[in-house]
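Please look at the sequence and the structure shown below before reading on. The report is meant to be read with both at hand, so that each named residue can be found as it comes up.

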Amino acid sequence: MSSKEAAPRRRNPRGQGQVLKAELVEAAARLLATLERPETLTLRQVAREVGVAPASIYGHFPDLGALVQHVLRLRYDELAAVMRTAADGAEGPLADLVARCAAYVHWGVDHPGQYRTLFGGGMPAELVPTNTHGAGEELLGSVVASMAGARQDQPEHRDRRGPEQDWQAGLLLWTALHGLVALYNAHGNMPWPDLTDLIAQTLALHTGRPVDEIVELARTANRPA
């Protein structure tokens with residue numbers, strides 16, 4: 001049901017205010033993922049989507065920024081959990097890295113609206129302060145740690161290893177993965193090669209490991225639900 005068609009919402013029984021809060025969060029998340037310009041989202045739109053008066057929102061969120069930031073944190077937690085689950089049981093640092101990165105890319109491609117909500121930009125700073133995105137630090141941290149482990153047995157990297165170098169290597173890999181997801185989502189009608197092969201080739205470039213080894217790991221990695 002679209003926001004224009006949303007029917008008036010039946011009042012929750014006393015003591016079930018959390019139900020309304022969950023519905024507001026779900027509606028805001030849905031609008032952020034589907035609006036052509038998510039930065040234009042308003043509390044009135046969210047209220048209309050749920051079927052309540054805008055004033056009803058203030059009992060749960062003080063303003064639109066608080067609601068949007070709540071949605072962002074939930075999305076970051078969701079993606080982080082998907083990556084952790086994919087890496088569960090991975091045998092070795094390289095398998096861990098491949099599983100996490102494959103899960104990241106597949107989640108982004110399977111959930112383009114949600115991915116855009118996190119990484120699409122465009123939200124004004126007064127609505128979404130930069131520190132809100134600090135919730136995504138776990139994503140980068142997991143990639144940095146896995147990347148460092150996957151490179152540790154390569155002689156050419158041993159003398160140059162250190163926290164700063166590891167962080168930069170992980171950041172560059174994450175940048176490449178983000179570019180892959182963003183371009184794939186924006187131009188899905190192009191004759192793209194197999195997505196798993198693209199992930200493997202990207203990881204091979206950044207780890208110095210053979211493509212065939214990474215392809216095998218990527219094909220056996222857990223796909224996010």
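**Overall make-up**

The structure is a predicted model, and its secondary structure comes to 10 helices and zero strands. Of the 225 residues of the protein, 46% count as buried. Among the contacts in the protein with a separation of 6 or more, 69% are between residues 24 or more positions apart.

**The nonpolar core**

The largest nonpolar core has 66 residues, and those with the most contacts inside it are V46, Y104 and V105. Helix α3, which covers residues 64-87, gives the most to this core, with 12 residues.

**Helix α4 and its two partners**

Two packed helices are described by the angle between their axes and the distance between the axes.

| Pair | Angle | Axis distance |
|---|---|---|
| α4 (residues 93-110) and α8 (residues 163-186) | about 30 degrees | 9 Å |
| α4 and α6 (residues 137-151) | roughly 145 degrees | within 7 Å |

Because angles under 35 degrees count as roughly parallel, the angle of about 30 degrees makes α4 roughly parallel to α8. The crossing of α4 and α8 is right-handed. On the side of α4, the contact is made by L97, C101, Y104, V105, G108 and V109, while α8 contributes L173, W174, L177, H178, L180, V181, Y184 and N185. Sorted by class, this contact of α4 with α8 has 11 nonpolar, three polar and no charged residues. An α-helix has 3.6 residues a turn, so residues three or four places apart point the same way.

With its other partner here, α6, helix α4 makes a left-handed crossing. In this contact, P93, L94, D96, L97 and R100 of α4 meet S142, V143, S146, M147, G149 and A150 of α6. By class, the contact of α4 with α6 has six nonpolar, three polar and two charged residues.

Is R44 buried or exposed? R44 lies in helix α2, which spans residues 43-50, and R44 counts as exposed because its relative accessibility is 57%, where exposed means over 50%. The C-alpha atoms of R44 and A55 are separated by 9.1 Å, and these two residues are 11 residues apart along the chain.

T196, by contrast, is buried, since its relative accessible area is 11% and buried means under 20%. T196 has its place in helix α9, made of residues 195-207. Which residues is T196 in contact with, leaving aside its neighbours within four places in sequence? These are H106, A218 and R219.

Helix α5, residues 112-119, has G113, Y115, T117 and L118 as its buried residues. α5 is followed by G121, whose phi is positive, near 70 degrees.

Technical notes
Residues numbered from 1 in each chain as written. Predicted model: local features only at pLDDT ≥ 70, side-chain atom pairs only at ≥ 80, totals over all residues. Heavy atoms only, no water. Axes fitted to C-alpha atoms, helices over the stretch in contact; angles between N-to-C directions. Helix = DSSP H or I, 4+ residues; strand = E, 2+ residues; numbered from the N terminus. Parallel < 35°, antiparallel > 145°, perpendicular 65-115°, else oblique. Left-handed = near helix turned anticlockwise from the far one by under 90°. Contact = heavy atoms within 4.5 Å. Nonpolar A, V, L, I, M, F, W, Y, C, P; charged D, E, K, R; others polar. Core = buried A, V, L, I, M, F, W, Y, C linked by side-chain atoms within 4.5 Å. Buried < 20%, exposed > 50% of the residue type's maximum accessible area, 1.4 Å probe, protein only.
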